Amino acid sequence: MIRIRLSRVGAKRQPSYRVVVTNIEARRDGRFIERIGHYNPRSNPVSIEIEEDRALYWLSVGAQPSDAVKRLLEKQGTYDRLAHLRSGAAEPAPVAEPPAMPAAEEPAPAVAPEVEMVAEVEETAEPGMVEITAPAMME
């Protein structure tokens, strides 16, 4: 019997897992038929990457997922696609992301047309230095 299960990799107290297709009698970290993804519970957010087409293939030929892999496939949505394929219904088209909305432009501040702000500039004793005084109102 073929099984889809997790194979542990990583150092002590720092586990990460490979999602593998293997014979049911094989050891946990032993020989496998195919590696179809990986799962890292220690990253933030949790990293789950499973090749969906390969997982669907192995499930369609009778491979049984372990409980942990079944939960991962359900989170990823692969199990729902398998149910659609088994029911004979056409697979739903992937949902396209809506186009990004352009950023709203801020309106220009309203200024009375007869009033303009003018800054007075005075040169100081030091060459190259400019002193800006408070703005004056022009009429």
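Contact here means heavy atoms within 4.5 Å. The model is predicted, so local features need pLDDT of at least 70 and side-chain atom pairs count only at pLDDT 80 or more, while totals for chains, interfaces and linings use all residues. Residues are numbered from 1 along each chain as its sequence is written, and side-chain values use heavy atoms, with hydrogens and water left out.

**Overall make-up**

The protein chain has three helices and nine strands. Both kinds of element are DSSP runs numbered from the N terminus, helices being H or I of at least four residues and strands E of at least two. From the N terminus on, their order is β-β-β-β-α-β-α-α-β-β-β-β. Of the 139 residues, 20% count as buried; buried means under 20% relative accessible area, exposed over 50%, and partly exposed in between, with a 1.4 Å probe and protein chains only. Among contacts between residues at least 6 apart in sequence, 29% join residues at least 24 apart.

**Helices H1 and H3**

Helix H1 (residues 52-60) packs with helix H3 (residues 78-87) at an angle of about 50 degrees, the axes being 10 Å apart. That angle makes H1 oblique to H3. Axes are lines fitted to C-alpha atoms, for helices over the stretch in contact, and angles run from 0 to 180 degrees between N-to-C directions. Under 35 degrees counts as roughly parallel, over 145 as roughly antiparallel, 65 to 115 as roughly perpendicular and the rest as oblique. On the H1 side the contact is made by Glu52, Ala55, Leu56 and Leu59, and on the H3 side by Thr78, Tyr79, Arg81, Leu82, Leu85 and Arg86.

**Loop residues**

| Residue | Loop |
|---|---|
| Arg13 | between strand S1 (2-9) and strand S2 (16-23) |
| Arg31 | between S2 and S3 |
| Pro45 | between strand S3 (34-40) and strand S4 (47-50) |

Arg13 has a phi near 60 degrees, a positive value in a residue other than glycine. Its relative accessible area is 73%, so Arg13 is exposed. The peptide bond from Asn44 to Pro45 is cis, with omega near 0 degrees. Most residues other than glycine have a negative phi, and most peptide bonds are trans.

Arg31 also counts as exposed, at 73% relative accessibility. Apart from its neighbours within four places in sequence, Arg31 is in contact with Thr22 and Ala26. The C-alpha atoms of Arg31 and Val21, 10 residues apart along the chain, are separated by 9.4 Å.
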